Amino acid sequence: MEGGKDGVVAMQWAVKQLHFGECDDVKVTAVAEIKRLAASDPRRKRLLAALGVIPPLVSMLLQAQDDRRRQLVVETLIELAHGTFKNKALTVEAGLLLRLPQLMNTEDLPKNQHLTALLLSLSFLAKTTFPINPSPMLPCLIRILDATETSEEMKLTCVAALYNLSTKLDNVRAVVSGGAVPVLLKSSQKMRSVAEGALATLGNLMLCETGKKAVEEDAMVPEALMEIMAWEEEPKCQELAAYVLMALAHRSKVQRKKMAELGIVPLLLEVALMGSPLARKRAIKMLQWFKEEGRARTGGHSGPRPDHLSDGRQQIREGKTAVNTMVKQSLDKNMQAIIRRARASEDFSCFKSLAATSSSKSLPY
């Protein structure tokens with residue numbers, strides 16, 4: 001059945017039974033055969049789609065009563081869509097997205113794992129010129145991402161799908177109005193495994209004024225982002241959090257004031273000294289903004305303004321204290337390393353002197 005004429009015969013039988021088969025069990029067998037044929041040869045995926053298997057598969061998925069049959073159909077659609085945008089588009093045109101509420105298992109969200117994998121596959125259409133409407137997908141993806149019982153793998157799949165959808169500016173309004181921003185912020189703060197994808201998605205949303213406003217108005221901002229920027233062991237998350245904070249702070253005195261009150265200056269100094277190269281660059285840029293704002297606050301007026309002066313001096317004192325602390329920590333680490341090397345060298349020199357003064361006669365062998 002694998003090659004040549006036998007493969008053609010198997011394909012003809014499977015397609016015929018899918019279209020015209022009267023027995024449900026025979027149709028299930030045909031679906032399993034289509035899945036096998038699609039996985040065995042990429043060229044057969046296009047041929048199977050040309051023979052019209054995708055619309056009846058979508059109809060079968062909508063009519064399936066048991067989870068086993070539904071899972072088989074979803075896996076077959078994923079296999080057909082893998083590696084070909086045309087088959088993804090045919091799946092959307094068959095009406096799958098419009099019927100998502102009917103397909104989603106709201107009582108047992110973990111059972112939607114294969115469905116989220118299919119949505120991830122279809123979300124790649126956002127990177128093409130195909131006019132995909134993200135609105136039907138968003139409630140399903142956001143609800144699964146926000147659920148506590150959802151597995152880490154499913155959350156990663158949902159975040160990846162949301163990221164794909166957010167890459168097209170036309171989709172940003174729908175993603176934001178669907179409630180993605182608070183869920184992405186919460187997920188990035190609570191689960192480090194999904195934080196990178198969630199922050200990257202937020203970064204895409206920030207490119208549009210609608211997305212930027214939604215992030216600005218969220219109660220978790222900027223505190224949650226500052227917390228993530230302090231993750232020294234997660235440099236990519238640190239860089240992405242710094243990017244979102246930069247976008248928020250740029251031309252927004254309100255956001256800069258919030259950040260200053262939460263103590264961002266010492267944090268930026270720490271990242272500027274100990275972060276990844278890109279995180280350091282972004283931290284230094286933000287420090288420059290705060291420094292210029294401090295100067296503007298203390299200058300440019302005819303008489304002294306004690307409140308502004310005290311604010312500027314307080315920030316300077318905090319910055320100096322933070323720098324002194326970090327320099328001391330760095331010196332302590334260097335001193336410990338020097339002591340360790342010295343001890344190791346001393347131990348080694350003792351061993352060499354012992355070897356040099358001992359004669360071969362004193363050895364037991």
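This is a predicted model: local features need pLDDT of at least 70, side-chain atom pairs count only at pLDDT 80 or more; totals for chains, interfaces and linings use all residues.

Guide: Residues are numbered from 1 along each chain as its sequence is written, and side-chain values use heavy atoms, with hydrogens and water left out.

Helix 11 covers residues 169–177; helices here are DSSP runs of H or I with at least four residues, and strands are runs of E with at least two, both numbered from the N terminus. Within helix 11 the buried residues are Asn171, Val172, Ala174, Val175 and Val176, where buried means under 20% relative accessible area, exposed means over 50%, and partly exposed lies in between, with a 1.4 Å probe and protein chains only. The cover over these buried residues includes helix 9 (138–146), helix 10 (152–166), helix 12 (180–190), helix 13 (192–205) and helix 14 (209–216).

Ser123 counts as buried because its relative accessibility is 0%. Apart from neighbours within four places in sequence, Ser123 is in contact with Met137, Ala161, Asn164 and Leu165, contact meaning heavy atoms within 4.5 Å.

Turning to the protein as a whole, its secondary structure comes to 20 helices and 0 strands, and buried residues make up 44% of its 365 residues. Of the contacts with a separation of 6 or more, 68% come from residues 24 or more positions apart.

The largest nonpolar core has 104 residues, and those with the most contacts inside it are Leu48, Val53, Ile264 and Met286; such a core is a set of buried Ala, Val, Leu, Ile, Met, Phe, Trp, Tyr and Cys residues joined through side-chain atoms within 4.5 Å. Helix 16 (residues 235–249) gives the most to this core, with 10 residues. As for Ile264, when residues up to four places away in sequence are not counted, Ile264 touches Met226, Leu245, Met259, Met286 and Phe290.
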